[in-house]
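Please open the model in a viewer and keep the selection tool at hand.

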Amino acid sequence: MAPTLNTLVLRPGAEWDSAWQRCLELAPEAFRDDRVLNLWNGTWQADGRPLPAVTPVDGTPVAGPPRLDAEAAHRAVRAALDQHRTWREVPLADRRARVSAALDALEEHRDLLALLLVWEIGKPWRLARADVDRAIDGVRWYVDGIAAMTEGRVPLPGPVSNIASWNYPMSVLAHAMLVQVLAGNAAIAKTPTDGGLSCLTLACALAVREGLPLTLVSGSGGELSEALVRAPEIGCVSFVGGRDTGARVATAVADLGKRHILEQEGLNTWGIWNFTDWDALAPQIRKSFDYGKQRCTAYPRFVVQRSAFADFLAVYLPAVRSVRFGHPLATEWPADDLPDLDFGPLINAAKAKELTDQVAEAIDRGAVPLHQGLLTDGHFLPGQDRSAYVPPVTLLNPPPSSPLHHAEPFGPVDTIVLVDTEAELLAAMNASNGALVATLSCDDPATFDRLAPQIRAFKVGHGKPRSRGDRDELFGGFGASWRGAFVGGDLLVKAVTQGPTPDERLPGNFPDYHLMP
C-alpha cells in the first residue's frame, strides 16, 4: 500500500523479521531459526522450554524465553562457580583487554541491539539507542579506573547472580554484568521474564567470544530462585524489581548472610513549595514522560502547594498535552527518520489493562481527572494492535484505597496531591516509606536546604530531576526502596569485591545498619 500523508508505514529494514535474520547471521551459536539458546558452562545450550511471546509494539510474535527447570539451573550455577574460580586468577590487564574488546563489539552492533530493544520492550528509538550507549560508555569508564578501585580488594568467593527487571537490559543489567566481570567475578543473569531476551542474548554472544565468564538463562523466578538466590555457590545477589519479590529475595539473602544489592520500587515525588519559576518547570514535565514512566526513577507524583495550583496547572497541562506516544517504528514515508516519541507501549497488554482499570477505579472513588489522553491521539500503523498502549493520564487526589495513592504506577499516569503546610508537604512526599529519588522546586535555597534532608529519598534534586546516574554518581535508596549495598562509582566495585578486613561495612541499607557514603 503506497503511503499517503495520512497513512503511516513500518520503516523498511526495521521489521522484526529483519532484526531476527541479522541475529541469526551475526551470532548463529546463540540463535536458531525458531528460538534463542541458554548460555551456561561457557557454551550455548539448546535446552529449556521456549515459551511463545509477542512484542508490545503491535502484537507481532517474537522469540520467547527458553525456560530452564530448577535442576538445570543448579547445574548452570555450579558451572559458573568453576568459571569464577578460573577467572578470578586472570590478571587485571587481561580482564581489561577482554572487556574492552567486548565493548568494541557491542559498539559495532549498537543499532541492532537498540532495534531489538524497540521490538522487545517498546522503547522509542532515541531511548533505545541511549540505553545501549550508556551501557558501553559506563563500562568504559570502569575499565579506565578499575585498577584504583580494586587495589587491596579481591573478587568474591562465588559468582554474582543478577535478577533484573525488563526496562533497562543494557544500561542496568548488561552494564552490571560487565563491571562484575571486570572486577574478577563470573556473572550470572536471568533474562527478564517480560522482555529483552534477544537483545541480552546478542550482547552476551558478542561478549563471550572475548572469553568473558557469563551465564544467561531463562526461567520462572519461583522455580529458579533456589539456584540463583539460595545456592551456596552464589557470592552475591543483585536484584532490580518490585518490592514484593524483593522482600522475598531479601529474606533469603539475610538468612544466608549473602552479599546483596536489592533495588526496589518507591513512589518518587516532585514537590512544589513557594515556587514561581514556572518557565523552568515546563520542559521538565514533558521529559518526565520518557518511556511512559516505566523506570525506577520516574516521577509519577506531584505534591503541590494549594495556593500555587492554578499556576502549576497553567504550565503542566500544556506540557502533558504535548506528549507524543505510539508505534516507535512507524514513519510517514519509508525514508523518513524514525519518530521522536516520548514513549511507546507499556510492557504488555496485561499491564496496560491493569493500569487502565486502576485509573477507572480511582476516578470512581473520587479522584478528579485533570487530563485523559486518547488512543486516537497516538502515532500508529493502520489497523495495528494497540492493546499495550495507554495514553497519558493525570489525576488529582487519588483516594487512599487506590494503588495509585501509594505505589508507582510504572506507566504514563501522574497523580497530584495538594498541601497547605510544610508538614503536609513532607508527609505526602514520603508516602511510600522510602524512595530512590525526589525533587523539590522552591525559590529559596535555604528552604530547600532545610526541607531536603527530611525527604526520604537517596537523591533529592533542587528544581531538577535526579536519576540513577552514570560513572562516578552513586545510587541507592531509603527505607523499603533499597536493601543491601549501594552502587555507582567505586561503590559498585566494592559491592562485588572483598576488602582486606572480614568485618568491612559497606555503604548501604542493611538489616543491622544504614551507612551513607
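**Stop 1: a lysine in a loop**

Begin by selecting Lys293, which is located in the loop between helix H10 (278–287) and strand E17 (301–305). Please bear in mind throughout that the model is predicted. Is Lys293 buried or exposed? Its relative accessibility is 2%, and the residue therefore counts as buried, since the limit for that class is under 20%. Next, display the backbone of Tyr299: the side chain of Lys293 reaches the backbone oxygen of Tyr299 at 2.6 Å.

**Stop 2**

In the whole structure, the search finds 20 aromatic pairs.

One of these pairs is formed by Trp166 and Phe410. How are their two rings arranged? The ring centres are 5.8 Å apart and the planes stand at 85°, so the pair is edge-to-face; the class requires planes over 60 degrees apart. Now follow the chain from one residue to the other. Trp166 belongs to the loop between strand E11 (160–164) and helix H6 (169–182), while Phe410 belongs to the loop between helix H13 (403–406) and strand E21 (413–419). The pair thus links distant parts of the chain, 244 residues apart. Both partners are buried: Trp166 has a relative accessible area of 9%, and Phe410 has one of 17%.

For another pair, select Phe380 and Tyr389. Their ring centres lie 4.8 Å apart with the planes at 85°, so this pair is also edge-to-face. Phe380 is buried, with a relative accessible area of 8%, and Tyr389 counts as buried at 4% relative accessibility.

**Stop 3: a charge over two rings**

Select Lys123 together with Tyr168 and Tyr291. Over which ring does the charged end of Lys123 sit at 3.5 Å from the centre? That ring belongs to Tyr168. Lys123 also lies over the face of Tyr291, at 4.9 Å from the ring centre.

**Stop 4: the cavities**

Rolling a probe the size of a water molecule over the atoms shows where empty space is left. In this structure there are 2 cavities of 30 Å³ or more.

The largest cavity holds about 360 Å³ of space. To find it, select Val172, His175, Arg468, Val487 and Leu492, which are the closest to its centre among the 26 residues that line it. Helix H5 (125–150), E11, H6, strand E14 (236–241) and E15 each give two or more residues to this lining. Which element gives the most? It is H6, with 6 residues. By class, the lining of the largest cavity comprises 12 nonpolar, 8 polar and 6 charged residues.

The second largest cavity holds about 70 Å³. For its lining, select Leu106, Ala174, Met177, Leu178, Leu200, Ala203, Cys204, Ala207 and Leu214. H6 and helix H7 (197–208) each supply at least two residues here, and H7 has the largest share, with 4 residues. The lining of the second largest cavity has 9 nonpolar residues, with no polar and no charged ones.

**Stop 5: an open pocket**

Select Gly257, Lys258, Arg259, Glu504 and Phe510. Of the 21 residues that line the second largest pocket, these lie nearest its centre. The volume of this pocket is about 510 Å³. Helix H9 (243–256) and strand E15 (259–264) each supply at least two residues of the lining, with H9 giving the most, 3 residues. How do the lining residues of this pocket divide by class? There are 11 nonpolar, 6 polar and 4 charged residues.

**Stop 6: a leucine in a helix**

Finally, select Leu224, which lies in helix H8 (residues 221–230). At 1% relative accessibility, Leu224 counts as buried. Leu224 and Lys190 are 34 residues apart in sequence, and their C-alpha atoms are 8.7 Å apart in space.

Note on methods: Residues numbered from 1 in each chain as written. Predicted model: local features only at pLDDT ≥ 70, side-chain atom pairs only at ≥ 80, totals over all residues. Heavy atoms only, no water. 1 Å grid on protein atoms, 1.4 Å probe; cavity = no way out; pocket = protein on both sides within 12 Å on 5 of 7 lines; lining within 4 Å. Points joined across faces, edges and corners; volume = space filled by probe spheres on them. Nonpolar A, V, L, I, M, F, W, Y, C, P; charged D, E, K, R; others polar. Phe/Tyr/Trp six-rings, centres within 6.5 Å; stacked < 30°, edge-to-face > 60°. Buried < 20%, exposed > 50% of the residue type's maximum accessible area, 1.4 Å probe, protein only. Lys NZ or Arg CZ within 6 Å of the ring centre and 35° of its normal. Polar contact = N/O pair within 3.5 Å; in protein donor to acceptor, adjacent residues only side chain to side chain.
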